[in-house]
Structures are given as C-alpha cells and as structure tokens.
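Student: I would like to learn how to read a structure model one feature at a time. Please give the general idea first and then the case at hand.

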Amino acid sequence: MGMTDASPFIRSQEADILQETIVIVEDDPANAEVLTLLLQLDGRYKTRSFGRANDVLNSIDEIKSINPVLFVLDYSLPYMTGLELYHRLHAIQEFEEIPAILLTAKTIRDDEKELIAQDHLFFVPKPYSIDHLLAIIQQATF
C-alpha cells in the first residue's frame, strides 16, 4: 500500500479525533433526532442527547467524561427551563466555562431575555435553519 492509499484512512482518523461533543437536551424525541443527525452530518461534532433535565443531572459523571464543548438546551423542558438547567450545570466546576445555546418555539418574555443576555447565552428561535444554527455553534465554541 503506497502513501497515497493510506492518506484517506489517516484523514478519517484525524477527523474522528477532532470531532467535538455537543450535549443536547431536548424533550421532543423527533426534534432531538433531527438535531443530532444534522450535527453529525456536518462532520465536526459528536452528540449526546438527553430528553429531560433530570436525565442530565443524573449523568454528570458521564458528561464530564465526554468533555463537551457546548450545551444545546431546549428552553421548555418538563419540570425546569433550559435556563434553570444551564444554571445548575454552570454551578459544577467542570462546566462553568462551557457555553450554551437555548432553543425555543415559544415567545420569550422581556425579563427572560434579560436573564439570557446577562448569562451570555445564545438564543435560537425554532424553527431554525441548520446553517444559522451551525453559525451560532461556531460563534459559541470559539
């Protein structure tokens, strides 16, 4: 096997190593699946999805082990908002510097918008285009 034969394999391995992990918290399974597929098709990201805030909070050790670069949180989760989950996650030392994007189909009140802005969170209304979301992800992770 010549050097040129090996280079696609090497590039493939490098791409796997360079992929960053995004944690998705979305209670609608269809939305979570579409978002996961879109991010994986982009090729730069691996994902770990959760359906409820409590699932995330009960999986802290697992999340620490995957070293996420970003949290993508649905704003309207059962039992707690994505903003409340963000605050719970950021209270954990290993997660305090990890940025987050809030996704929502609902109208956000002005006081909620102020809290989101104070926390330097990124906000993306649903429905969103994948190009717009990928641009926000790039902005959030750099």
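The dialogue below goes from the overall layout to single helices, rings and backbone angles.

Tutor: Start with the ground rules. This is a predicted model, in which local features need pLDDT of at least 70 and side-chain atom pairs count only at pLDDT 80 or more, while totals for chains, interfaces and linings use all residues. Residues are numbered from 1 along each chain as its sequence is written, and side-chain values use heavy atoms, with hydrogens and water left out.

Student: How many helices and strands are in the protein chain?

Tutor: Helices (H or I, at least four residues) and strands (E, at least two) are DSSP runs, numbered from the N terminus. The protein chain has 7 helices and 7 strands. Read from the N terminus, the order is α-β-α-β-α-α-β-β-β-α-β-α-β-α.

Student: What share of the residues counts as buried?

Tutor: Buried means under 20% relative accessible area, exposed over 50%, and partly exposed in between (1.4 Å probe, protein chains only). By that rule, 39% of the 142 residues of the protein chain are buried. For contacts, the cut-off is heavy atoms within 4.5 Å. Among contacts in the protein chain with a separation of 6 or more, 66% are between residues 24 or more positions apart.

Student: How do I read a helix that has a buried side?

Tutor: An α-helix has 3.6 residues a turn, so residues three or four places apart point the same way. Take α2, residues 29–42. Its buried residues are A32, L35, T36 and L39. They lie on the same side of α2 because they cover an arc of only 100° around the axis; the arc is that of the directions from the helix axis to the C-beta atoms.

Student: Which exposed residues does the face of α2 turned away from the buried side carry?

Tutor: That face carries E33 and L41. On the buried side, the residues of α2 pack against β1 (20–25), β2 (45–50), β3, β6 and α7.

Student: What is the span of α2, and what is found at its ends?

Tutor: The expected span of a helix is 1.5 Å times one less than its number of residues. With 14 residues, α2 reaches 20 Å from its first C-alpha to its last, close to the 20 Å expected. At the N-terminal end, D28 is the cap: one of its side-chain oxygens lies 2.9 Å from the backbone nitrogen of A30. A polar contact is a pair of N or O atoms within 3.5 Å; within protein, one must be able to donate a hydrogen and the other to accept it, and residues adjacent in sequence count only if both atoms are side-chain atoms. After α2 comes G43, with a positive phi near 90°.

Student: Which residues of α7 are buried?

Tutor: They are L133, L134, I136, I137 and A140. These fall within an arc of 160° seen down the axis, so they line one face of α7. The face turned away from them carries the exposed residues D131 and Q139. The buried residues of α7 pack against β1, α2, β2, β3, β6 and β7.

Student: How do I read an aromatic pair?

Tutor: A pair of aromatic rings is described by the distance of the centres and the angle of the planes. Rings of Phe, Tyr and Trp (its six-membered ring) pair if their centres lie within 6.5 Å; planes under 30 degrees apart count as stacked, over 60 as edge-to-face and the rest as tilted. This structure holds 1 such pair. F71 and F95 are edge-to-face, at 5.6 Å centre to centre and 85° between the planes. F71 is in strand β3 (70–74) and F95 in the loop between α5 (82–90) and β6 (100–104), so the pair ties together parts that are 24 residues apart in sequence.

Student: Are F71 and F95 buried or exposed?

Tutor: Both F71 and F95 are buried.

Student: What should I look for in the backbone of the loops?

Tutor: Y79, in the loop between β4 (76–77) and β5 (80–81), has a positive phi near 75° without being a glycine. Y79 is exposed, at 77% relative accessibility. H120, also not a glycine, has a positive phi of about 55°. A cis peptide bond joins K126 and P127, with omega about -5°.
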